[in-house]
Amino acid sequence: MPVRRGPTPDRGTVAAMTTQTVVLRDVRAVFGTGTRQVTALDGVSVTFERGRFAAVMGPSGSGKSTLLHCAAGLDRPAGGTVTIDGTRLDGLSEDALTRLRRDRIGFVFQAFNLVSALTAEQNVALPMRLAGRRPPATEVTAALDAVGLTGRAGHRPSELSGGEQQRVALARALISRPAVVFADEPTGALDSVTSKQVLQLLRALVDEHGLTVVMVTHDQEAAGYADRIVTLADGRVVSC
Ligand SMILES: Nc1ncnc2c1ncn2[C@@H]1O[C@H](COP(=O)(O)OP(=O)(O)OP(=O)(O)O)[C@@H](O)[C@H]1O
């Protein structure tokens, strides 16, 4: 699957866009107020490169999910900046941020979040249809082929195994040809054999299609599929 180039960048961002897909600079995230205030991210700076597979690890409560949510524009940080494919998220309106998430970012979660009444191909096409577009059937087929589900297009989630459902979710994440796929514990609900298949698939998509993946995981073995491990503790990067 070809990697889509974003809108024509201005000269100043060309150099950064060639290698850096997601850049966090001094990102702070705070929940609650007063004595109940929690600093979830305490000045996090990290860059995720194009065509690379990064794992984000760290103890429970260290800020992994918050980092993923801020990097993906799901949460707005209290401070610092997030840049995706040369676009700074803090300058965007809610509508522009929604469009950027829809067009440039893929998400895969522990729960597959498929619509049970829809077939695999309808689930894959759903995000684009919700955006008022009809993806060409060839693109839906290509996305299902890319995750090894050729021939399963007409199956509903209940007719697919957990690993196959997660692969449908991955095909759905790929249909917009995103700049980056954020995966939050993508194998958390899968047995070890199926986990391995999903991780091998992510690895192959990075190696063969130039996909950029940022994956939060607790699992050292899963992290072993990544090119690089970013470790958090108490809302700070302690190694990367
Ligand atoms: N909505 C929220 N309201 C208040 N505090 C929150 C909220 N979300 C996260 N936190 C706090 O922010 C800190 C970081 O949470 P986060 O979920 O990012 O950690 P994590 O490393 O992903 O944890 P886990 O591995 O358990 O999922 C924790 O102390 C958590 O309690």
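Biologist: Which element gives the largest share of the shell around the ligand?

Modeller: This is a predicted model, and in it helix 2 supplies the largest share of that shell, three residues. The shell as a whole is formed by Phe31, Gly32, Val38, Ala40, Gly58, Ser60, Gly61, Ser62, Gly63, Lys64, Ser65 and Thr66. Two elements each give two or more residues to it, namely strand 2 (38-49) and helix 2 (64-71).

Biologist: How many residues of the shell around the ligand are nonpolar, polar and charged?

Modeller: The shell divides into three nonpolar residues, eight polar residues and one charged residue.

Biologist: Let us turn to helix packing. At what angle do helix 4 and helix 5 pack?

Modeller: Helix 4 (residues 120-130) and helix 5 (residues 137-146) meet at an angle of about 110°, and their axes are 10 Å apart. Angles of 65 to 115 degrees count as roughly perpendicular. Helix 4 and helix 5 are therefore roughly perpendicular to each other. The crossing of helix 4 past helix 5 is right-handed.

Biologist: Which residues make the contact of helix 4 and helix 5?

Modeller: From helix 4 come Ala120, Glu121, Val124 and Ala125, while helix 5 contributes Val140, Ala143 and Leu144. By class, this contact of helix 4 with helix 5 holds six nonpolar residues, no polar ones and one charged residue.

Biologist: Which residues of helix 4 are buried, and against which helices do they pack?

Modeller: A residue counts as buried if 20 or more other C-beta atoms lie within 10 Å of its own. In helix 4 the buried residues are Ala120, Glu121, Asn123, Val124 and Ala125. Their packing partners are helix 5 and helix 6 (162-174). Beyond the helix, Gly132 follows helix 4 and has a positive phi, near 85°.

Biologist: Are helix 6 and helix 7 roughly parallel or roughly perpendicular to each other?

Modeller: Angles under 35 degrees count as roughly parallel. Helix 6 and helix 7 (residues 192-209) pack at about 20°, with a separation of 9 Å between their axes. These two helices, helix 6 and helix 7, are therefore roughly parallel to each other. Their crossing is right-handed.

Biologist: Which residues of helix 6 and helix 7 meet?

Modeller: Gly162, Gly163, Gln166, Arg167 and Leu170 of helix 6 meet Thr194, Gln197, Val198 and Leu201 of helix 7. The contact of helix 6 with helix 7 divides into three nonpolar, five polar and one charged.

Biologist: Single residues can also be placed in their surroundings. Where is Arg88 found, and which residues does Arg88 touch?

Modeller: Arg88 lies in strand 5 (residues 87-88). With residues up to four places away in sequence left out, Arg88 touches Thr81 and Thr83. Arg88 is partly exposed, as 13 other C-beta atoms lie within 10 Å. Along the chain, Arg88 and Val22 are 66 residues apart, yet their C-alpha atoms are separated by 9.8 Å.

Biologist: How many residues apart in sequence are Arg236 and Ser62?

Modeller: Arg236 and Ser62 are 174 residues apart in sequence, whereas the C-alpha to C-alpha distance is 7.7 Å. Ser62 is one of the residues surrounding the ligand. Arg236 belongs to strand 10 (residues 236-239). Leaving out residues up to four places away in sequence, Arg236 touches Asp42, Gly43 and Val44. With 16 other C-beta atoms within 10 Å, Arg236 is partly exposed.

Terms used: Residues numbered from 1 in each chain as written. Predicted model: local features only at pLDDT ≥ 70, side-chain atom pairs only at ≥ 80, totals over all residues. Near = placed C-beta within 6 Å. Helix = DSSP H or I, 4+ residues; strand = E, 2+ residues; numbered from the N terminus. Nonpolar A, V, L, I, M, F, W, Y, C, P; charged D, E, K, R; others polar. Axes fitted to C-alpha atoms, helices over the stretch in contact; angles between N-to-C directions. Parallel < 35°, antiparallel > 145°, perpendicular 65-115°, else oblique. Left-handed = near helix turned anticlockwise from the far one by under 90°. Contact = placed C-beta atoms within 7 Å. Buried ≥ 20, exposed ≤ 12 C-beta atoms within 10 Å, placed from the backbone.
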